[in-house]
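Colleague: Please show me the model, and then I will ask what stands behind the labels used for it.

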Amino acid sequence: MTPTLLLASLAILGYAALYALGCVIFPFGRCRRPRCENGRIYSRLSRKVFRECPRCEGTGKRVRVGRRLWEYLRGEYKAGNR
């Protein structure tokens with residue numbers, strides 16, 4: 001392998017390891033809805049009118065993709081061992 005390719009592959013593996021560690025330590029991220037602030041969607045005209053965000057169900061948080069993948073793989077592993 002060339003040193004550049006080796007360095008690039010190590011960088012990708014390091015990033016993946018840090019992301020996996022982050023998903024274990026911090027399983028929740030912010031809601032991705034554009035106008036969602038702490039689980040509330042405010043009207044564009046008035047800050048007094050709001051409703052709960054249907055995507056995050058009013059929590060303002062979402063489960064990260066890596067955490068969902070981890071839980072899926074863990075469930076498949078447990079189901080295979082029975």
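This is a predicted model: local features need pLDDT of at least 70, side-chain atom pairs count only at pLDDT 80 or more; totals for chains, interfaces and linings use all residues.

Modeller: Residues are numbered from 1 along each chain as its sequence is written, and side-chain values use heavy atoms, with hydrogens and water left out.

Colleague: Why is the pair arginine 67 and glutamate 71 called a salt bridge?

Modeller: The term requires a side-chain nitrogen of Lys or Arg within 4 Å of a carboxyl oxygen of Asp or Glu. The closest N and O atoms of arginine 67 and glutamate 71 are 3.2 Å apart, so the pair qualifies. By this rule the count is one salt bridge.

Colleague: Where do arginine 67 and glutamate 71 lie?

Modeller: Both are in helix H2 (residues 65-80), four residues apart, about one turn of the helix. A helix here is a DSSP run of H or I with at least four residues, and a strand is a run of E with at least two. The chain has two helices and five strands.

Colleague: What makes arginine 67 buried?

Modeller: Buried means under 20% relative accessible area, exposed over 50%, and partly exposed in between (1.4 Å probe, protein chains only). Arginine 67 has 18%, so it is buried. Glutamate 71 has 36% and is therefore partly exposed.

Colleague: How much of the chain is buried?

Modeller: Buried residues are 18% of the 82 residues in the chain.
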